[in-house]
Amino acid sequence: MSRNACKMSGSKFSVRGALAANFLAAFLAPGVARASGFLNPRLADPHAHPALANPYAIYFNPGALGGIEGTQIVIDGTLAYRHATFDRAPSALSPANRATLNDATYVAANTGEGSATNFIVIPFVAAATDFGSQNFFAGVGAYVPFGGAVQWNHQDTFAGNPHARGALDGSQRWAVVSGDQKSLYTTLAAGFRLPDAGLSIGLSGSVVFSSINHGMARNVTGSDDVDREGRALLEVSGVEGGFAAGAYWEPIPKGPVRIGASYTSSPGLGQMRLTGKLHQTYSDPEVIDADLLQTYPDVIRFGIAARVSSQLELRFDSEYVRWSRFQTQCIVNAGKDCQLNADGSEANRPSGQIILALPRHWNDAGAVHVGASYWPSEPTELLASVGYDTSAANRETVEATYPDSLKLLGTLGVRHKFSDRL
């Protein structure tokens, strides 16, 4: 992880650098250790916190921008390495004819372990200012809080096999071969502060650019028969709005304790409709105008930071993510709705509005983090944090597209001011 931050105040200009190392450990399920679901990891180091005043607050708590003095600019990039495996069990086999279960090639092609090894880049760019005023502040930013990308490795043992050509893409291919999913937020935040009370209130509005490109194996019967196997590629995108509101309080103005809390809405304030094309290839290629309907979570955050001495600061923060809103991803014919019965079947058959309904039935998730910074000397800051995130994915519906797990996360880092400009 590396980042550069520029801070301007009056006639002063300084450039500050930070170097941090992250260690991650995942438990109970395969996948990359991160925040719950596909909510990205904490953008930046422990300074990204609802009770800390810096440009990261544009995302974590717009009210905390009220603690900023002067103008600050942050350019941040997190580089993550991920290795994931997915083992498709024999119980997942779904042939059109049960006798196919005795076919050794069919079973080998559709079970066993697939793997993926990928690098992921998570950007964050923001600027914030107090306009030289004690009462008003504002900021702008661009970042990707939701998203990810994956490319599963080939199973070379099936290369050139005419009886199971599709098995080259791995046993997990019935869920995903490759995919890219992101929601880019462009955010404007503003607010006011009451200096005598040490209280700041902030509000932000975001334009969210979302896109999903998802490739998977599929056949017209809905089975996983290798002799009928085709491919489906969904390419959809959309633009939604969103908002966040937050408060930042210094019980003693400019004192050692800071408290912050915020609420961030889901994109579109509810169900999202991403529009585009569904490319299907069986005996003949076909392109369908299709929409994807889904609902992302909203997020509640709380944090407190206390400077317990001139050299030591302690921090705590938590978040509650309402992933229970992520119930179904539904691919429908363009402009149509997704109405399902309790068993997941289409409620309005035989109209055929629904092309594919993917049950998720995720659960709400939470996280807590504790951290500290220590200054052995005025220019040098040593920082560390540990955290615990719960899993949002439902074990009954989890598959290779969205692996999730219970997680322990940690950060170690150092920042050093070499001069007023470096």
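Me: How many disulfides does a search of the whole structure find?
Reply: The search, run over the whole of this predicted model, finds one disulfide.

Me: OK, which cysteines form it, and how far apart are their sulfur atoms?
Reply: The disulfide is formed by Cys330 and Cys338, whose sulfur atoms lie 2.1 Å apart.

Me: And why is that disulfide right-handed?
Reply: The torsion about the S-S bond of Cys330 and Cys338 is about 75 degrees, and therefore the disulfide is right-handed.

Me: Is Cys330 buried or exposed?
Reply: Cys330 counts as buried, because its relative accessibility is 2% and the cut-off for buried is under 20%.

Me: What about Cys338, how is that one classed?
Reply: Cys338 has a relative accessible area of 23% and is partly exposed, since that class takes in values between the buried limit of 20% and the exposed limit of 50%.

Me: Switching to pockets: what volume does the second largest pocket have?
Reply: The volume of the second largest pocket is about 810 Å³. Its lining is made up of 26 residues, and those closest to the centre are Arg88, Trp174, Ala175, Met216 and Leu358.

Me: Which elements give two or more residues to that lining?
Reply: Those elements are β3 (71-88), β7 (199-218) and β15 (354-359), and β7 gives the most, with four residues.

Me: What does the lining look like by class?
Reply: Sorted by class, the lining of the second largest pocket holds eleven nonpolar residues, nine polar residues and six charged residues.

Terms used: Residues are numbered from 1 along each chain as its sequence is written. This is a predicted model: local features need pLDDT of at least 70, side-chain atom pairs count only at pLDDT 80 or more; totals for chains, interfaces and linings use all residues. Side-chain values use heavy atoms; hydrogens and water are left out. A disulfide is a pair of cysteine sulfur atoms within 2.5 Å. Buried means under 20% relative accessible area, exposed over 50%, partly exposed in between (1.4 Å probe, protein chains only). On a 1 Å grid over the protein atoms alone, a cavity is a set of points where a 1.4 Å probe fits but cannot get out, and a pocket is an open set with protein on both sides within 12 Å along at least five of seven lines; lining residues have an atom within 4 Å of a point. Grid points are joined across faces, edges and corners, and a volume is the space filled by probe spheres set on the points. Ala, Val, Leu, Ile, Met, Phe, Trp, Tyr, Cys and Pro count as nonpolar, Asp, Glu, Lys and Arg as charged, and the others, Gly among them, as polar.
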